[in-house]
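Here are my notes on the model, point by point. Please read them with the structure open.

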Amino acid sequence: MKAYDYLVVGAGLFGSVFAYEAAKRGKRIKVIDKRNHIAGNIYTENIEGVNVHKYGAHIFHTNDKEIWNYVNQFAEFNRYTNSPIANYKGEIYNLPFNMNTFNKLWGVVTPDEAKAKIEEQKAAAGIDKPKNLEEQAISLVGTDIYEKLVKGYTEKQWGRKATELPAFIIKRLPVRFTYDNNYFNDKYQGIPIGGYTQIVEKMLENPLIDVELEKDFFESKDEYLREFPRIVYTGMIDQFFDYQFGTLEYRSLEFETTILEQENYQGNAVVNYTDAETPYTRIIEHKHFEFGHQEKTVITKEYPKTWSKGDEPYYPVNDKKNNEIFNKYLELARKTPNVLFGGRLGMYKYYDMHQVIGAALAAVKKEFN
Ligand code: FAD
């Protein structure tokens, strides 16, 4: 066996940034991933000339100029601005909730009229201390927005009635009193022209880095712990410790991808289905991320589902119960010599891409300073 300095478990964004930076410092790294491709959840695959986001729509956005410059080393980004729309039983509304949404809902034209309408609905509901998600949402944005744009979507996402969900899930609902359909407030946003996979490909393209795919860490955990001086682990933290404090919960998703013999299916990259009856939460039409004009189009329906072992763990359920379990694992992780835990599964945290890059660069700084 070659003398490696590091084993990186997971060729996702966290592991790849770490490997790239470590190789830049002359370290030898072995990267393993249990999937048959690199890039983790940001993986994009070219189908019919369209870069398909295989694990859900990914839009890069950040306020941090350093992170924006960092990621731009690996790809050129386009001017894509995320402006999803909501389809409620055939009625179309702009998201996030803004003057376009309010105009369509109520015919109001000025911000004052919109504010008055929301206040009127909040007052009519008379909710003082919200006891559940439904009451929380109504107390924030009133009944109409809640009924048409929040309720069905949220219930599908969580697989439970809004009256049975805790209020804390919705801390705030962004409401904007301008005619601005840009979903994010960040200074920088875009989609890498040619997809995300190239970013990770370039990060791992170094003679000091060897990548082995379809290799599960747990097939040879003891051997790896024995033979590598240092391990960067981006898999599930509870699995690393044999689930000894219990299993952390996630929400999962099922993706149904179809190639259609038409140029333009829905006219927008992201359409949310906010009624309760439609079983999926959104349809992604991937070509619109890159303003594509291919003859065919590729769409993906996203069906939320309860996670059980063996499913892809997408969204950590950061409620009190799970966070308490996670903290016990974190305590153990801190006492585990020579293993650095990172990424969304290692830290049991919903990280956006810019946050993962930030966290990986912070880990690099700590490791090499
Ligand atoms: P991952 O990408 O999950 O990488 C971890 C890797 O480790 C995986 O490849 C996995 O196969 C591998 N692994 C796990 N266990 C083992 C094991 N035992 N042995 C070997 N390999 C293992 N972010 C944004 O900024 N904008 C968005 O619009 C956005 N949309 C998203 C939509 C969805 C549906 C999801 C789920 C996430 C979205 N994100 C978005 C977040 C983004 O995907 C993450 O920030 C990023 O992918 C996290 O990188 P990571 O390296 O931590 O984890």
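1. Helices (H or I, at least four residues) and strands (E, at least two) are DSSP runs, numbered from the N terminus. The model is predicted: local features need pLDDT of at least 70, side-chain atom pairs count only at pLDDT 80 or more, and totals for chains, interfaces and linings use all residues. Residue numbers start from 1 along each chain as its sequence is written, and side-chain values use heavy atoms, with hydrogens and water left out.

2. Helix α6 covers residues 143-158 and bends by about 45° at Val-150; the bend is the angle between axes fitted to the seven residues ending at a residue and the seven starting there. Val-150 itself is buried, as are Ile-145, Leu-149 and Tyr-153, among others in α6. Buried means under 20% relative accessible area, exposed over 50%, and partly exposed in between (1.4 Å probe, protein chains only). After α6 comes Gly-159, with a positive phi near 70°.

3. Which residues come nearest to the ligand? They are Asp-33, His-58, Arg-344, Tyr-351 and Met-353, out of 31 residues around the ligand. A residue counts as near if one of its heavy atoms lies within 4 Å. By class, this shell has 16 nonpolar, eight polar and seven charged residues. Here Ala, Val, Leu, Ile, Met, Phe, Trp, Tyr, Cys and Pro count as nonpolar, Asp, Glu, Lys and Arg as charged, and the others, Gly among them, as polar.

4. Polar contacts are pairs of N or O atoms within 3.5 Å; within protein, one must be able to donate a hydrogen and the other to accept it, and residues adjacent in sequence count only if both atoms are side-chain atoms. An oxygen atom of the ligand lies 2.8 Å from a polar backbone atom of Ile-59. The ligand taken alone exposes 1,000 Å², and the protein buries 97% of that (Shrake-Rupley method, 1.4 Å probe; for residues, only the protein chains shown count as cover). Two or more residues of the shell come from each of α1 (13-24), α11 (343-346) and α12 (353-368).

5. Seven strands form an open sheet with mixed pairing, in the order β7-β6-β12-β13-β14-β11-β15. The edge strands β7 (91-94) and β15 (315-316) each have a single partner strand, so one side of each is left without a neighbour in the sheet. Two strands pair if DSSP finds at least two bridges between them. Strand β6 (residues 85-88) runs antiparallel to β7 and is joined to it by four bridges, with Asn-87 opposite Ile-92.

6. Strands β3 (residues 44-47) and β4 are antiparallel and joined by four bridges; Ile-47 has Val-50 as its bridge partner. β4 (residues 50-53) is covered on both faces, with Val-50 and Val-52 buried on one side and Asn-51 and His-53 on the other. The hairpin has two residues between the strands, and Glu-48 there takes a positive phi near 55°. Glu-48 is not a glycine; it is partly exposed, with a relative accessible area of 38%.

7. Two further backbone points deserve a look. The peptide bond from Leu-95 to Pro-96 is cis, with omega near -10°, and Pro-96 sits in the loop between β7 and α3 (99-106). Asp-242, in the loop between α9 (237-240) and β11 (250-260), has a positive phi near 60° without being a glycine. Asp-242 is exposed, at 63% relative accessible area.
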